[in-house]
Amino acid sequence: HHFSNPGAFILMLPYLCLTWMLRLMPESYYDYDSPVNWGNVLLQLLSVDLLTYTNHIVEHSFSSLYKVSHKPHHRFVSPHFFNAFDGSLADTVGLI
């Protein structure tokens, strides 16, 4: 069922490609000669996790937003990994 609703992939592919090709990230993102700062990587992962969690709580806090945006994500009764990415268009755009 997941591949019959490829909204997240359709949105993410152009977003990631354009971000890369138009060099919209800081210059350090494109620097392959400097070592990776693993502390920054950890902070970035924690920041994304916190923002995703906050977005999820906000969507559950407002019933009108929940019905329009987030409810399709919860239609699964036996969730697995890919269902986490199977939401509505509004839900996906909100997370990007």
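**View 1. T19 lies within helix α1.** Helices are DSSP runs of H or I with at least four residues, strands are runs of E with at least two, and both are numbered from the N terminus. The model is a predicted one, in which local features require pLDDT of at least 70 and side-chain atom pairs count only at pLDDT 80 or more, whereas totals for chains, interfaces and linings use all residues. Residues are numbered from 1 along each chain as its sequence is written, and side-chain values rest on heavy atoms, with hydrogens and water left out. T19 is buried because its relative accessible area is 12% (buried: under 20%; exposed: over 50%; partly exposed: in between; 1.4 Å probe, protein chains only). A polar atom of the T19 side chain is placed 2.6 Å from the backbone oxygen of Y15. Apart from neighbours within four places in sequence, T19 is in contact with L24, M25 and Y30 (contact: heavy atoms within 4.5 Å).

**View 2. R23 and E27 are joined by a salt bridge.** The closest N and O atoms of this pair are 3.0 Å apart, and the count comes to one salt bridge under the rule of a Lys or Arg side-chain nitrogen within 4 Å of an Asp or Glu carboxyl oxygen. R23 belongs to the loop between α1 and α2 and, although not a glycine, has a positive phi of about 50°. Why is R23 classed as partly exposed? R23 falls in that class because its relative accessibility is 43%.

**View 3. A nonpolar surface patch includes W20.** The patch covers about 920 Å² and is made by L18, W20, M21, L22, L24, M25, Y29 and Y32. Patch residues have over 30% relative accessible area and no salt bridge; nonpolar side chains (Val, Leu, Ile, Met, Phe, Trp, Tyr) are joined within 5 Å, and like charges within 9 Å. W20 is placed in helix α1, residues 7-21. It counts as partly exposed because its relative accessibility is 40%.

**View 4. N37 occupies the loop between α1 and α2.** A polar atom of the N37 side chain lies 3.1 Å from the backbone nitrogen of G39. N37 is partly exposed because its relative accessibility is 44%.

**View 5. E59 is a buried residue of helix α2, which comprises residues 38-61.** The burial class follows from the 5% relative accessibility of E59. Beyond residues up to four places away in sequence, E59 touches L65, Y66, S69, H70 and D91.

View 6. From the N terminus on, the elements run α-α-α-α. The chain has 96 residues, of which 16% are buried. Among contacts with a separation of 6 or more, 38% link residues 24 or more positions apart. The accessible surface of the chain comes to about 7,700 Å², with 70% belonging to carbon and sulfur atoms (Shrake-Rupley method, 1.4 Å probe). Mean pLDDT over the chain is 78, and 74% of the residues score at least 70; pLDDT expresses the predictor's confidence in each residue, from 0 to 100. Of the elements, α2 has the highest mean pLDDT (88), and helix α4, residues 89-95, has the lowest (70).

How values were computed: A polar contact is a pair of N or O atoms within 3.5 Å; within protein, one must be able to donate a hydrogen and the other to accept it, and residues adjacent in sequence count only if both atoms are side-chain atoms.
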